Amino acid sequence: MRIFNCKADALVGFVLCHALAVLALFPWFFSWTGVILLVAGILLFGALGINVGFHRLITHRGFSCPLWLERTLAVLGTCSLQFSPALWVAVHRCHHHYADEEKDPHSPLRGFFWAHFGWLLMRSGDMKSRPLIERYAKDVMRDPLYALLERRRNWMNLSFLIWLMFFLAGYAGAIASGETCARLCSLVPASWSGVGRYERYSSGTRRGR
Ligand SMILES: [Zn+2]
């Protein structure tokens with residue numbers, strides 16, 4: 001589906017997440033448990049999943065750890081809805097290859113909107129997943145789990161499944177403790193927290209892998 005060259009699914013998800021997050025401003029959707037879960041979500045999905053898992057570990061191989069831990073971090077990163085592990089890695093390695101140049105997938109030369117989040121929401125010839133992964137993330141695709149997540153958008157289905165489980169667990173807890181269901185409102189912005197973090201890399205200097 002295509003609307004004005006936007007990725008309709010990404011755009012709908014982006015708008016929906018932020019619209020739902022606004023509910024947390026209303027007193028009847030607010031709870032301090034929700035605030036705590038918001039911070040926990042930022043740390044879990046953003047800091048651990050994206051920064052440590054996707055970025056430092058899988059993209060740059062800055063350290064090593066047992067495979068089960070790497071895959072756990074990858075699944076946490078996947079919940080941030082910033083592509084599959086393989087495509088994220090491919091985009092980021094491409095970014096380092098052409099940092100801040102025209103071919104950088106989130107090059108600032110294309111304007112503030114593009115560098116900040118336009119590259120996530122708009123279609124671009126440079127962002128076709130297959131050629132990018134073929135060139136920059138073949139090693140990642142050798143892992144059967146990452147290959148499975150890449151196929152047929154399984155990564156997105158997995159994210160929604162984990163979100164649903166997270167929400168149901170929080171909702172059950174809320175009912176048990178007599179609180180409101182503000183946990184959903186805390187979960188949604190947390191899942192997108194990595195976008196801001198990811199955007200920072202777009203202004204980084206070129207580095208080798
Ligand atoms: Zn990097």
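Colleague: Among contacts in the protein between residues at least 6 apart in sequence, what share joins residues at least 24 apart?

Modeller: This is a predicted model, in which local features need pLDDT of at least 70 and side-chain atom pairs count only at pLDDT 80 or more, while totals for chains, interfaces and linings use all residues. Residues are numbered from 1 along each chain as its sequence is written. Two residues are in contact if their C-beta atoms, placed from the backbone, lie within 7 Å. Among contacts between residues at least 6 apart in sequence, the share that joins residues at least 24 apart is 72%.

Colleague: What share of the 209 residues counts as buried?

Modeller: A residue is buried if 20 or more other C-beta atoms, placed from the backbone, lie within 10 Å of its own, exposed if 12 or fewer do, and partly exposed in between. Of the 209 residues of the protein, the buried share is 34%.

Colleague: Where does helix 2 bend by about 40°?

Modeller: Helix 2 comprises residues 32–59. The bend at a residue is the angle between axes fitted to the seven residues ending there and the seven starting there. In helix 2, a bend of about 40° is found at Gly 49.

Colleague: What handedness does the crossing of helix 2 and helix 3 have?

Modeller: The axes of helix 2 and helix 3 come within 7 Å and cross at roughly 125° (axes are lines fitted to C-alpha atoms, for helices over the stretch in contact, and angles run from 0 to 180 degrees between N-to-C directions). Helix 2 is therefore oblique to helix 3, where angles under 35 degrees count as roughly parallel, over 145 as roughly antiparallel, 65 to 115 as roughly perpendicular and the rest as oblique. A crossing is left-handed if the near helix is turned anticlockwise from the far one by less than a right angle, and right-handed if clockwise. The crossing of helix 2 and helix 3 is left-handed.

Colleague: Which residues of helix 3 make the contact with helix 2?

Modeller: Helix 2 contributes Leu 44, Phe 45, Leu 48, Gly 49, Ile 50, Val 52, Gly 53, Phe 54, Leu 57 and Ile 58. By class, the contact has eleven nonpolar, three polar and one charged residues (Ala, Val, Leu, Ile, Met, Phe, Trp, Tyr, Cys and Pro count as nonpolar, Asp, Glu, Lys and Arg as charged, and the others, Gly among them, as polar). On the side of helix 3, the contact is made by Glu 70, Leu 73, Ala 74, Leu 76 and Gly 77.

Colleague: Which residues in helix 4 do Phe 54, His 55, Ile 58 and Thr 59 in helix 2 meet?

Modeller: Helix 2 and helix 4 (residues 85–97) pack at an angle of about 65°, with their axes 10 Å apart, and are therefore roughly perpendicular to each other. Their crossing is right-handed, and by class the contact has five nonpolar, three polar and one charged residues. The helix 2 residues meet Pro 85, Trp 88, Val 89, His 92 and Arg 93.

Colleague: Which residues of helix 6 make the contact with helix 4?

Modeller: Helix 4 and helix 6 (residues 129–136) pack at an angle of about 70°, with axes 9 Å apart, which makes helix 4 roughly perpendicular to helix 6. The contact draws on Ala 86, Leu 87, Val 89, Ala 90, Val 91, Arg 93 and Cys 94 of helix 4, and by class it has nine nonpolar, one polar and one charged residues. From helix 6 come Ser 129, Leu 132, Ile 133 and Tyr 136.

Colleague: Is Leu 81 buried or exposed?

Modeller: Most residues other than glycine have a negative phi. Leu 81, in the loop between helix 3 and helix 4, has a positive phi of about 55° although it is not a glycine. With 21 other C-beta atoms within 10 Å, Leu 81 is buried.

Colleague: Does Arg 152 count as buried or exposed?

Modeller: Arg 152 lies in the loop between helix 8 (144–150) and helix 9 (154–177), and its phi is positive, near 45°. With 9 C-beta neighbours inside 10 Å, Arg 152 counts as exposed.

Key. Helices (H or I, at least four residues) and strands (E, at least two) are DSSP runs, numbered from the N terminus.
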